[in-house]
Amino acid sequence: MVCEPNEKEKRERLEISQPPDYTDEPMSLSPPPGHSPDAPRRTIGWFTAACVLVSNIIGGGIFTTTGFLARDIGDPLLMLALWFLGALVALAGATAYAELGAAYPQAGGDYLYLREAYGALPAFLSGWTSFTIGFGAAIAASSVGFASYLSRVLPLEEQQSIFETGLALGLVWCLTAVHAAGVGAGGLLQRLLTTAKLAALGVLIVGGFLFGSGAWEHLAVRSIPAGASLGSAAVAFIFVMYCYLGWNVVGYIAGEIAEPTRTLPRIMIGGTAFVAAIYLSLNVLYLYALPMAQLAEPPILPVAEKAAAALWGPAAARWIALLLALSLAGGVSAMMWAGPRVYWAMAKDGVLSPWLAGLHESSAVPVRAMLIQALWASVLIVTGTFEQLVIYSGVVLAAFVLLVLGAVIRLRRHKPGLPRPYLVPFYPWLPGILMIGAGGLVGSSILQHPMESLLGLATVLAGLPFYRIWSKLRHARPMPS
């Protein structure tokens with residue numbers, strides 16, 4: 001005899017069998033705690049995660065940006081003040097992201113936070129932007145930069161452009177292969193690249209101050225250009241903040257970090273403070289090596305090369321090129337690791353192809369998402385279109401940072417019972433001030449670069465057709481019996 005379910009049981013079974021309704025309202029789709037066969041393994045320790053964060057922040061910007069600041073503002077003390085202010089803003093931003101990361105310790109990062117705060121569509125557009133610009137174009141640009149600097153260490157007289165393209169593609173696919181092998185292999189590589197980079201930076205900083213031919217008098221020599229104004233300092237600060245961005249990267253791999261609620265805030269805040277100390281030390285070293293006027297002289301190549309040549313002689317510039325190549329390789333590795341976790345999380349939610357939601361059986365990493373990311377970066381490298389994406393990426397990325405900062409306040413209001421192992425200090429003033437600053441950054445970028453801003457907006461909106469297509473396909477799938 002088969003017992004028929006009552007009406008209540010029928011309703012409960014129907015609710016369980018139906019897929020979630022991905023409307024544009026805030027929702028919570030977080031998986032239950034504990035490990036499942038289709039979830040990543042929490043095997044990343046704090047040191048490996050910190051290496052991902054440090055490598056993601058320290059790219060090529062710190063080695064070049066100071067030259068532009070010297071050209072545009074000409075005041076060494078003002079320049080150092082801007083770098084110090086940038087450090088404070090970065091630390092404040094890291095505290096805001098730390099609250100979100102500790103509250104939602106799953107893979108996805110910004111996509112996850114925006115999904116929980118604003119709904120499916122804003123989250124999807126954030127993930128789409130990560131794929132096309134935030135990770136895709138950044139990986140391509142950094143890979144090409146890596147090839148350019150490495151080719152200066154090993155110069156070729158013929159076919160140099162083809163050689164550099166091959167180096168860039170080789171970096172992308174070699175790193176993809178390593179990270180596809182699993183968190184163990186990827187973590188080992190990331191630790192090696194980051195420690196080598198930090199060791200080289202340590203030699204540059206300590207060796208420069210102890211054995212370099214510099215002068216502390218340079219810090220008092222001003223070379224203010226004609227037309228310099230408060231607006232020049234504001235634009236310079238935008239360049240500084242771009243160099244500090246990247247403290248949120250560990251949020252993307254949070255699903256694989258051991259003890260994430262305790263580890264994430266420490267890594268985000270401590271790692272950002274560590275990078276800030278390196279940035280300030282490097283800028284003092286640049287000024288110790290050369291006065292502002294010489295730092296600003298064209299060509300404005302990586303200012304680190306100029307400083308090294310002044311400290312130790314022209315031959316040292318070659319080693320700085322190798323350091324830049326190493327730094328960029330570490331950054332590409334961090335992005336190759338973090339980016340696919342976003343697309344995997346999106347596919348798990350049903351807003352991307354379910355094919356991307358698969359994890360490799362043995363390594364438990366999203367290999368398919370890695371391949372898609374590597375293919376996109378390769379297309380950008382071969383065609384050179386990454387340059388256009390990078391040019392107008394700033395305003396788009398700043399806009400999503402503004403939304404994530406707003407998510408801290410929105411989630412406090414709409415989900416007061418959400419467990420928050422870490423709370424941002426000085427709430428709501430600190431996230432509010434950061435939102436005003438991010439809004440000002442977006443506004444100034446739009447006013448100064450309206451065409452680039454429109455192109456950035458067009459890139460974001462280009463994701464809408466894909467969102468609608470996958471939404472229809474998701475709802476058209478047969479319900480489980």
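Q: What makes helix α5 (residues 110–118) largely enclosed by the rest of the structure?
A: Nine of the nine residues of α5 are buried, so the helix is largely enclosed by the rest of the structure. Buried means under 20% relative accessible area, exposed means over 50%, and partly exposed lies in between (1.4 Å probe, protein chains only). The model is predicted: local features need pLDDT of at least 70 and side-chain atom pairs count only at pLDDT 80 or more, whereas totals for chains, interfaces and linings use all residues. Residues are numbered from 1 along each chain as its sequence is written, and side-chain values use heavy atoms, with hydrogens and water left out.

Q: Which elements cover the buried residues of α5?
A: The cover includes α4 (76–103), α6, α10 (249–252), α14 and α17 (393–414). Among the buried residues are Asp110, Arg115 and Glu116 as well as Tyr111, Leu112 and Tyr113. Just after the helix, Gly119 takes a positive phi of about 115 degrees.

Q: How many helices and strands are assigned to the protein chain?
A: The secondary structure comes to 20 helices and zero strands. Both are DSSP runs numbered from the N terminus: helices are H or I with at least four residues, strands are E with at least two. Buried residues make up 54% of the 481 residues.

Q: How do you know what span to expect of helix α15 (residues 367–383)?
A: The expected span is 1.5 Å times one less than the number of residues. Helix α15 has 17 residues and reaches 24 Å from its first C-alpha to its last, close to the 24 Å expected. Its buried residues include Val367, Met370, Leu380 and Ile381, and their cover includes α6 (120–153), α7 (160–180), α14 (316–349) and α16 (386–391). Gly384, with a positive phi near 75 degrees, follows α15.

Q: Why is Ser363 called buried?
A: Ser363 has a relative accessible area of 11%, and therefore counts as buried. The residue is found in the loop between α14 and α15. Leaving aside neighbours within four places in sequence, Ser363 is in contact (heavy atoms within 4.5 Å) with Arg41, Ala180, Ala181 and Gly182.

Q: What makes up the nonpolar surface patch of about 480 Å²?
A: The patch is made by Met451, Leu454, Leu455, Leu457 and Leu461. Patch residues have over 30% relative accessible area and no salt bridge; nonpolar side chains (Val, Leu, Ile, Met, Phe, Trp, Tyr) are joined within 5 Å, like charges within 9 Å.

Q: Which residues have the most contacts inside the largest nonpolar core?
A: They are Trp83, Tyr244, Val250 and Tyr279, in a core of 154 residues. The largest share of this core, 20 residues, comes from α14. Such a core is a set of buried Ala, Val, Leu, Ile, Met, Phe, Trp, Tyr and Cys residues joined through side-chain atoms within 4.5 Å. Residues touched by Trp83 include Ile62, Leu69, Tyr244 and Tyr279, not counting residues up to four places away in sequence.

Q: What makes the pairing of Arg412 and Glu99 a salt bridge?
A: A salt bridge is a side-chain nitrogen of Lys or Arg within 4 Å of a carboxyl oxygen of Asp or Glu. The N to O distance between Arg412 and Glu99 is 2.9 Å, so the pair qualifies. It links distant parts of the chain, with Arg412 in helix α17 and Glu99 in helix α4, 313 residues apart. Glu99 counts as buried because its relative accessibility is 2%. A search of the whole structure finds ten salt bridges.

Q: Why are Arg341 and Glu256 both called buried?
A: Arg341 has a relative accessible area of 2% and is therefore buried; Glu256, at 1%, also counts as buried. The two form a salt bridge, with the closest N and O atoms 2.7 Å apart. The pair links Arg341 in helix α14 to Glu256 in the loop between α10 and α11 (260–289), 85 residues apart.

Q: Which residues are linked with Arg115 in a network of salt bridges?
A: Glu116, Asp349 and Lys415 are linked with Arg115 in that network. In the bridge between Glu116 and Arg115, the closest N and O atoms are 2.7 Å apart, and both residues are buried.

Methods: Accessible areas come from the Shrake-Rupley method with a 1.4 Å probe; for residues, only the protein chains shown count as cover.
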